[in-house]
Number of protein chains: 2
Amino acid sequence: MDVHLRELRYFVAVAEELNVTRAAERLFVSQPALSKQLRVLERQLGFGLFERVPSGVALTRQGEALLPVARDLLGRWAAGVEEARAAAPAGTLVIGMQTAVGRGLQQAALRRFRERLPGWEVSLRLVGWDDPSGGLSDGSSDVAFIWLPVPPGVRTHVVATEGRGVAMPADHRLAGLAEVPFPALRDEPFIALPAVAGPLRDFWLGLDARDDEPVVGVTANTPEEVFEAVTSGLGVVLVAEGNAELYSRPGLAYRPVTGLPPGELAIAWREGDRRPQVVAFIDALRQVATKV
Amino acid sequence: MDVHLRELRYFVAVAEELNVTRAAERLFVSQPALSKQLRVLERQLGFGLFERVPSGVALTRQGEALLPVARDLLGRWAAGVEEARAAAPAGTLVIGMQTAVGRGLQQAALRRFRERLPGWEVSLRLVGWDDPSGGLSDGSSDVAFIWLPVPPGVRTHVVATEGRGVAMPADHRLAGLAEVPFPALRDEPFIALPAVAGPLRDFWLGLDARDDEPVVGVTANTPEEVFEAVTSGLGVVLVAEGNAELYSRPGLAYRPVTGLPPGELAIAWREGDRRPQVVAFIDALRQVATKV
DNA sequence: CTTTGCTATAACCATTGGCTATGGACGTGC
DNA sequence: GCACGTCCATAGCCAATGGTTATAGCAAAG
């Protein structure tokens with residue numbers, strides 16, 4: 001029969017205390033719970049471990065025989081787990097990012113990731129929008145935080161869904177509005193992602209909500225370039241609500257835009273990539289995102 | 001953290017098959033159940049044991065490190081249990097009896113007792129009624145099947161409750177009745193237990209149902225003596241219904257008696273006696289009696 | 001005889017471990 | 001490129017388990 005090591009731990013504690021009540025206190029369970037578990041164990045074994053005497057319990061001959069076995073198993077298990085934990089192949093997980101992630105996600109996920117794969121390091125790298133896969137396509141990133149839509153060959157798990165808004169200079173004529181209807185931006189020059197960004201560039205130009213071609217004032221390849229261009233009056237740009245918070249600065253105004261579906265930020269990985277460090281991070285992030 | 005050895009057995013099976021589906025078949029559980037258990041184990045450990053690949057699973061470095069630990073624990077546990085089982089102090093349990101026990105009880109209880117304390121032998125000994133404790137008082141029996149009422153210093157667990165009837169010669173004038181009212185026996189000479197049986201002798205004379213003194217024809221000290229006296233026409237005797245079945249013979253008639261409370265057969269042991277072999281037998285009998 | 005200390009059982013309830021059904025991912029063959 | 005087969009993972013459900021509190025039974029001490 002298979003036994004739970006917890007039952008062995010209970011057995012050892014009772015054997016050392018020779019008193020179920022004291023052992024229960026030591027184990028932080030109630031006395032009836034411990035009494036019951038011992039009875040269950042004895043029944044499973046088919047022989048008694050203790051003789052009940054008025055002052056508590058006494059080990060039977062068979063209990064005496066099993067006690068060192070129980071101690072041995074508990075010790076070997078604890079040591080074995082530590083050894084296995086230390087056997088983690090250390091390395092570096094490269095996380096690509098198109099924008100800062102923030103949103104309380106990455107820190108908690110990284111903690112869980114490191115617990116699961118002790119010894120592993122993490123490298124964060126900002127990837128320009130000229131690579132909409134966040135570095136996955138050329139293998140320079142192991143996982144990446146990127147916005148949908150994503151290129152072929154990439155798998156995703158959405159971790160945040162946010163409304164899109166417009167970032168504009170603080171003195172822009174539309175800055176007086178609480179929220180901006182998308183058609184009001186029809187004639188505004190836009191700051192766009194590079195052409196090679198394809199569908200991603202289209203998304204942040206709002207092409208899903210218009211059928212004419214927007215005016216593109218300038219292209220930018222990183223969030224810093226984008227927001228610098230905005231405050232310099234070179235155009236406006238659609239951004240995710242969360243990013244507006246992350247990149248807020250003097251001279252910049254952000255207003256929600258009505259009439260646009262929201263943007264989705266996802267953790268992404270290469271199709272078919274099941275390496276432990278990738279799976280571990282994705283799982284950690286799933287758990288963290290679920291709790292948010 | 002404590003683990004169930006069943007989980008380690010699952011881990012080992014999957015590690016050997018490198019395929020959760022095949023391992024599940026080998027373990028006689030469903031594939032989703034096994035998959036789930038592995039996930040739980042990995043989460044408890046805080047690191048992965050397997051990398052999921054298209055053809056099944058591959059052991060991670062940490063899984064490889066833990067595999068021998070798991071095998072070792074399983075092997076040591078199995079061996080330790082066998083060793084402890086064999087450590088049972090062999091001896092002989094002496095069971096005293098005032099009458100044959102029959103009733104399907106003893107055989108099943110003895111089987112369970114032997115399973116729990118392998119190597120122990122059992123000795124059955126018939127104890128005369130001159131000792132109403134069935135041999136417990138002088139320590140010649142470890143446990144005893146005796147009828148209530150019992151002497152001081154004896155603890156009991158009732159295993160059968162049966163109506164009392166009268167045993168008489170087959171040609172007795174009352175043998176024509178289907179059942180005998182107790183007052184009809186008022187003038188019959190009784191076969192009695194020895195005087196030292198005290199309350200037990202009184203009980204089987206039916207003193208709890210009459211206030212005059214019965215006529216005692218003869219005393220007898222064992223069931224054989226009792227029934228031989230009956231068929232020899234020396235008197236009648238109150239007996240338990242089950243005993244009438246056990247001791248039936250030519251020339252003997254048994255009829256239920258109305259107006260008498262039933263008799264109770266119990267397994268008995270000395271007050272304060274918690275020796276393993278005594279507890280084991282009492283427990284075994286409790287389980288058997290419960291299922292009847 | 002009463003009180004104290006100890007283990008065991010009953011009733012209850014949240015969690016666990018198993019099931020079936022089915023989804024998602026990947027490789028292979030056409 | 002699509003359909004199919006194989007594999008693992010998740011969802012929903014339910015019986016069994018492991019914990020609780022309340023309390024019973026037993027033995028020793030005062």
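Predicted model: local features only at pLDDT ≥ 70, side-chain atom pairs only at ≥ 80, totals over all residues.

Analyst: Start with two strands of chain A. Strand β8 (residues 180-181) of chain A runs parallel to β12(A), and two bridges link the pair. One facing pair is A:V180, which stands opposite A:V257 in β12(A).

Strand β7 (residues 164-169) of chain A pairs with strand β12 (residues 252-258) of chain A. Here the sense is antiparallel, over five bridges. A:P169 faces A:L252 of β12(A) in this pairing. In general, strands of a sheet pair through backbone hydrogen bonds, either parallel or antiparallel.

Now look at chain B. Two bridges join β8(B) to strand β12 (residues 252-258) of chain B, and the two run parallel. B:P181 stands opposite B:T258 in β12(B). Helix α7 (residues 223-231) of chain B packs on the sheet. The helix touches β7 (164-169), β11 and β12 of chain B. Its direction makes about 50 degrees with that of β7(B).

What is the strand order of this four-stranded open sheet in chain B? The order is β8-β12-β7-β11, with mixed pairing. β8 (180-181) and β11 (237-240) of chain B are the edge strands, and each pairs on one side only.

Chain B also has an open sheet of five strands. Its order is β4-β3-β5-β13-β6, and the pairing is again mixed. β4 (121-126) and β6 (154-162) of chain B stand at the edges. Each has a single partner strand, so one side of each is left without a neighbour in the sheet. On average, neighbouring strands of this sheet are turned by 20 degrees against each other, direction ignored.

β6(B) pairs with strand β13 (residues 263-270) of chain B in the antiparallel sense, over eight bridges. B:T156 stands opposite B:A268 in β13(B).

B:P149 lies in the loop between β5 (143-147) and β6 of chain B. A cis peptide bond joins B:L148 and B:P149, with omega about 0 degrees. In chain A, a cis peptide bond joins A:L148 and A:P149, and omega is about 0 degrees there. A:P149 sits in the loop between β5 (143-147) and β6 (154-162) of chain A. Most peptide bonds are trans.

One more strand pair belongs to chain B. Strand β1 (residues 50-53) of chain B and strand β2 (residues 56-59) of chain B form four antiparallel bridges. Two residues lie between β1(B) and β2(B), and the strands form a hairpin. B:R52 has B:V57 in β2(B) as its bridge partner.

UniProt, in an unreviewed entry, lists residues 1-60 of chain A as "domain: HTH lysR-type". That span is 60% helix and 13% strand. Its end C-alpha atoms lie 20 Å apart.

Which helices does α1(A) cross? One is helix α3 (residues 31-45) of chain A: the axes come within 10 Å and cross at roughly 110 degrees. α1(A) and α3(A) are therefore roughly perpendicular to each other. From α1(A), A:E7, A:Y10, A:F11 and A:V14 make the contact. They meet A:L34, A:Q37, A:L38, A:V40, A:L41 and A:Q44 of α3(A). The residues of this contact divide into seven nonpolar, two polar and one charged.

The other is helix α4 (residues 61-86) of chain A. Helix α1 (residues 5-17) of chain A packs against α4(A) at about 125 degrees, with the axes 9 Å apart. That angle makes α1(A) oblique to α4(A). The crossing is left-handed. Among the α1(A) residues in this contact are A:L5, A:L8, A:F11 and A:V12. On the α4(A) side, they include A:L66, A:L67, A:A70 and A:W77. The contact residues divide into eleven nonpolar, one polar and three charged.

A:F28 has a positive phi of about 60 degrees, although it is not a glycine. Most residues other than glycine have a negative phi.

Terms used. Residues numbered from 1 in each chain as written. Chains lettered and ligands numbered in written order. Heavy atoms only, no water. Axes fitted to C-alpha atoms, helices over the stretch in contact; angles between N-to-C directions. Parallel < 35°, antiparallel > 145°, perpendicular 65-115°, else oblique. Left-handed = near helix turned anticlockwise from the far one by under 90°. Contact = heavy atoms within 4.5 Å. Nonpolar A, V, L, I, M, F, W, Y, C, P; charged D, E, K, R; others polar. UniProt positions renumbered as here; feature names shortened; annotations may be inferred. Pairing = 2+ DSSP bridges.
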